[in-house]
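Keep the viewer open as you read.

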2 protein chains.
Amino acid sequence: MHKFKQLANNIQFLIESESWPAHKKLPSLREQAQSSGYSVMTVLNAYQELEAKGWIYTKQKSGYYVSEAISHVSKTSNKLALNTNIEINSLVFDHLKHLQKEHVIPLGSAFPSASLLCNTYFMKTLSRHAKIPNSALSTDSMPPGYLQLRQVIASRYSLNGISTNPEDLVITSGALDALNLALQALTKPGDFILLQQTIFYGAWQAAERLGLNVITIPEHYQYGFDLEAFENALKNYPIKACWLMLNVHNPIGFTVSNEIKSTIAALLQKYEVYLIEDDVYQELFYEKQKPLSVKYFDKGNYVLHCSSFSKILGAGIRGGWVNSGKFSNVIQHLQLMSTVSASNLMQHALADFMSSHHYEKHLRQLRLKLHQTKTAYYKLLQEILPIACEVYYYATGYFLWIKLPEGMDSSILYQCLLEKNIVIAPSILFQQDHLPSNYIRLNCSFELNDKVRRALQIMVGMIHDLVEGKVV
Amino acid sequence: MHKFKQLANNIQFLIESESWPAHKKLPSLREQAQSSGYSVMTVLNAYQELEAKGWIYTKQKSGYYVSEAISHVSKTSNKLALNTNIEINSLVFDHLKHLQKEHVIPLGSAFPSASLLCNTYFMKTLSRHAKIPNSALSTDSMPPGYLQLRQVIASRYSLNGISTNPEDLVITSGALDALNLALQALTKPGDFILLQQTIFYGAWQAAERLGLNVITIPEHYQYGFDLEAFENALKNYPIKACWLMLNVHNPIGFTVSNEIKSTIAALLQKYEVYLIEDDVYQELFYEKQKPLSVKYFDKGNYVLHCSSFSKILGAGIRGGWVNSGKFSNVIQHLQLMSTVSASNLMQHALADFMSSHHYEKHLRQLRLKLHQTKTAYYKLLQEILPIACEVYYYATGYFLWIKLPEGMDSSILYQCLLEKNIVIAPSILFQQDHLPSNYIRLNCSFELNDKVRRALQIMVGMIHDLVEGKVV
């Protein structure tokens, strides 16, 4: 081993073991050379190596400093095959399986109530297209997807101030497909990506499947997004891509301000890092203004914006898209060797439906109903939950993020409720397991009928029991 | 480096460079030790290392021998991201793009003519299901897929002598999704898999995407499948999985005999190797007997059998399945983190349609039409092709595999025909490039009208020109 590598390893160990804390100034080159017996050149090489790896950073004319451990670097396995490494995904898998059971109260589901999404006019459109010979089941809508659908989506972008060419869009088999394809297009195994500390589990799974190193940044207690941690991460780690949710964050629910989004866009350009923007809930806002996307502020084309129809018309559609700009071809390559294309029938029906006034009407009605239902859940929960709980309410989406009493493990609540046929989403589905686990996500899109009220009462009773130590 | 590794490397070099030919007996341990100065133990370790890697094999009490280079071991890149390694797939990508163009004559397409697949009764079924509220667009058919669909597919297996439990089946977004999921479930990067030397390009792409080493075996000139090469490969390489097409092989067209299939099943069990059986054309036979699958002979549960509706009802359906036995859970895991599920609407409509007599009726009519059309193409091509060409005709599927005059490069014919808006499939799409490239695959499912006749005449003219050196 080269001498400088040996020195670099030793210093890295000091940082990893936290003997050298964040922002500690490193010995100068000369000091380090004298104390260690290495040449100044060797010390310089070691420091440069550490800097390249993100362990230390420089300040102009002031020397080298230990990087902030923004969060621990999680080195995920680069094994693709789940058969040898199944445990990390088992929780999510079991969770999804529980939700499929009959008679279950699916408060842990990610999907809105099917009855709210169901639109008679869209179904008629679909039904009509299903009967068009040589069209419904053909492969006319191969990647990048049906031109007319891409045109109506591009127009909507443009109406939102994001000038978009239909050529930039690739239609995918749902948002997860879009996000996965984008991540695969931007990275290779061993690369670093940045995620929010609390995030949709699909991001963790994708990172593991593609063998990526994950850097996380914590949520900001007030603004949702911690710009300082973000810039530190971009500065100190060789990050290839970020995967962020800034509108109607899943599971927490916050939407970050336009100022923050604009700064994120500027930082992406400054550090030349790509962003995969997960914006699947963008249409589910209940106040006047539709929230902007980072894509809106993206002058340097660093944002790949992903969304879908799953949360507004039905997850069974399996239709989404990525606004991918210059990555369109790479993403189509990847698509043609995996899912091939989204359903032709759905693409035709969607293009037709989106071109009519029924689409906006559907969105308006959906927003109204979701808002009403979510508010009703919120009011009820505020009444019945123990005082030690906290409910995070935002006038967007259909999730409530609930803080359970300090020290409570939501996985235990989850397990107890499963026995009563009630499924909630514990925070461990969205975080790595070193974080406090006393949070749950509740899906508030289902009609708040007696059955659901009873389920919520059972949950509250269970929380009381757990507080009092009646359940182990 | 350990001494034995050094020795192993040296011997490997002799084999790779063909200084030591296949089946050459290696020096005995004692001879090798004496001549090299290494200890007998070191030599033994080196030989064992080489044997584990498949470079040499042992015969009981007779010593070590150089393995046959069944084909060259192609070490595919283990990079997932196509952005850094795009060239291998570019040909396939460009090919698929050419086929999408307007006014093209798609003789290189993999899909049967949409007009033949179009079934009025199925479309009515689909149209009816599209109007059922809370059903068409819901997520009721999450992995493993809609129970009733799995039940009708399982019954069809049982009728074909393959006793199948609906629990063994996973419904996927098409056959390629099924094949990819199966391969991912069985392997991890760096593993060895076995492919036929000439095979559907999706297999090559999947191997590259998953970072696998590929061993190929040549087609048998008479029986289609070379059992000896197959057993040699299983014996000499640490193969994790095979991906084979034995019914209506794409692109060549042959179907191997039941004796060979039965032996393949026995060898899989003997060497404990899994088979991914690509059987997407299983319903497209034109003589009395439906060909059996290797799955039929699979007593040890080593076969994952994959098929789809793309070739019988429309590729736009994006519906397939894998009969996966004990791998069902692993495959569902992988599915939930990629495509999530196949379309609910399609699954419901398919279950309904397959349960009616219309399904068998559709297959009967489809077979009749495809057989007629393929025979018409065959007759015409026999008349008009130069005598130096050879047409491989089998009474299955809708492809003709055509041998062009010796030494001709079908990629050049392909390029020339593109300029005339005619797309054929050159053999390089299905093989690695060290093999003779004077073959093409023609899709003979399109009505043989004047336009197609003209296109075939143009192709024949072009072949003549190429023979006479008129085109460079």
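The second largest cavity of this predicted model holds about 220 Å³ of space. Its lining counts 16 residues, and those closest to its centre are Arg209(A), Ser338(A), Asp177(B), Arg209(B) and Ser338(B). Helix 8 of chain A and helix 8 (175-186) of chain B each give at least two residues to this lining. Sorted by class, the lining of the second largest cavity comprises eight polar, four charged and four nonpolar residues.

Now turn to the largest cavity, with its volume of about 340 Å³. Here 24 residues form the lining, and Phe111(A), Leu176(A), Phe200(A), Lys311(A) and Val340(B) lie nearest the centre. Two elements of chain A, helix 8 (175-186) and helix 9 (201-209), are the ones that contribute two or more residues to the lining of the largest cavity. Its lining has 15 nonpolar residues, along with six polar and three charged ones.

Let's finish in chain B, at helix 9. How many of the nine residues of helix 9 (residues 201-209) of chain B are buried? Nine of the nine are, so this helix is largely enclosed by the rest of the structure. The buried residues of helix 9 of chain B include Tyr201(B), Trp204(B), Gln205(B), Glu208(B) and Arg209(B). Arg209(B) is also among the residues closest to the centre of the second largest cavity. Just after helix 9 of chain B comes Gly211(B), with a positive phi of about 65°.

Key:
Residues numbered from 1 in each chain as written. Chains lettered and ligands numbered in written order. Predicted model: local features only at pLDDT ≥ 70, side-chain atom pairs only at ≥ 80, totals over all residues. Heavy atoms only, no water. Buried < 20%, exposed > 50% of the residue type's maximum accessible area, 1.4 Å probe, protein only. Helix = DSSP H or I, 4+ residues; strand = E, 2+ residues; numbered from the N terminus. 1 Å grid on protein atoms, 1.4 Å probe; cavity = no way out; pocket = protein on both sides within 12 Å on 5 of 7 lines; lining within 4 Å. Points joined across faces, edges and corners; volume = space filled by probe spheres on them. Nonpolar A, V, L, I, M, F, W, Y, C, P; charged D, E, K, R; others polar.
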